[in-house]
Amino acid sequence: MTESPQSTMIDRIAGATLADGSRVDVVIEHGRVAAVTPAAPVPAAGARDLSGYMLLPAAAEPHAHLDKALSWDAIRSPMGDLRAAISAWRVYAETMTVADAAARARAQVLRMLRNGTTAIRTHVDVLLGDEPLRGVAALVAVREELAALVDIEIVALAGPDVPTAHLEAALDAGADAVGGASHLADDPIADLHRLLDVAERRGVPVDLHTDEGLAAAVTLDAYARRTRGWPQNRSAGHCVRLGTLDEPARDQVIAEVVASGVGIIANPITNLSLQGWGVPVATPRGIAPARALLAAGARFAAGADNVRDPFNPLGRGDALETAMLLVVAAHLTADEAYTAVSTGAREVMGLPEAGVVVGARADLLAVRADSLVQAIAEAPADRLVIRGGRLVAATATEGWVAAP
């Protein structure tokens, strides 16, 4: 595929199919959806004819690791659990340059954009050693370079052994939010409050890796209680432990989450890959309890997380892949799954509404399919990606099968 050097404005769409099966025409003005009407028998002059395409809200990625993306081939770490992946990554990160991280991040962002993602929240490690902000510098540069194509939010990921001063420096260097992984600390609750103290003092959003393990510490309830009433956006990624608690304990934590307004971000592909290595028979798999969260009214999203790095050697950086895993591993419907990677993700990320709704931002994904189930099942490559009314990516394929 050849990338166009310029985006193209689209002000009319004709004959597209929505997730409910209806066919519509869409008018876009000033980057927002101005009208949605039943499809006319003949496309209007100048309209982009999307007959044969599903028209969906563009995907939003609420949990990426662009500093790590596409590093698998360079690291070739043995597959294993979370701590093994952390160790392999940290060895590599000792020699990682800003240019290396930026090149991989740029390639991954453009791949995600072609797949239909127009907004990305990425974590970036605050590194150990004398140059802790190499990853931050790389992602800030990529964010600025690609600002006309995709919205990128950067979360400074400060592990328990990262000095608080380095976390503060990451925010000063351009990171937007506080992140961390308190469940890995010797004193998880103390580390949780350390991170939240910084976020409260700075008045910035918080997105923590939370309770990532089948038997990890439970910090989500303390997180929810501490931040109840906070004005800034807050979310918790992974929440694998929440899925292994007994129902009364699980539901009590979920009630705290709902009352506080903390958004939950499931990460099925990486958690399915990393969890359960120590249990050879009837191996348990890790994923946040999506059905219970939705039933309780929690803010809920899902992300692709790691892509081809020591934490997950595979992954396409495609929201349809994440949605498929939510259907088969979390028992969500196709509609619920796609919502989690699009409008639900945008809500958890604190972004304005987007989609085929009058007044919403015209961030849209057109994928060649007859139904949402087909789109999720087959993940067709034929796609058009619209951001703020501009066509920013398109993929068209050709194929044939020999006659019998």
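Student: Which helices and which strand are included in what covers the buried residues of H2?
Tutor: This is a predicted model, where local features need pLDDT of at least 70, side-chain atom pairs count only at pLDDT 80 or more, and totals for chains, interfaces and linings use all residues. Residues are numbered from 1 along each chain as its sequence is written, and side-chain values use heavy atoms, without hydrogens or water. Helices (H or I, at least four residues) and strands (E, at least two) are DSSP runs numbered from the N terminus, and contact means heavy atoms within 4.5 Å. The cover of H2 includes helix H1 (72-75), helix H3 (98-115), helix H4 (134-145), helix H9 (268-274) and strand E8 (117-125).

Student: Happy with that! Which exposed residues sit on the face of H2 turned away from its buried side?
Tutor: Buried means under 20% relative accessible area, exposed over 50%, partly exposed in between (1.4 Å probe, protein chains only). The buried residues are Leu 82, Ala 85, Ala 88, Trp 89, Tyr 92 and Ala 93. They lie on the same side of H2, because their arc (directions from the helix axis to the C-beta atoms) is only 135°. The face turned away carries Arg 83 and Val 91.

Student: Is Arg 194 buried or exposed?
Tutor: Arg 194 belongs to helix H6 (residues 188-202), and it touches residues including Pro 160, Val 162 and Thr 164. Its relative accessibility is 19%, so Arg 194 counts as buried.

Student: Which residues of H6 does H5 meet?
Tutor: On the side of H5, the residues involved are Thr 164, Leu 167, Glu 168, Leu 171 and Asp 172. Their partners in H6 are Arg 194, Leu 195, Val 198, Arg 201 and Arg 202.

Terms used
Lists of a residue's contacts leave out its neighbours within four places in sequence.
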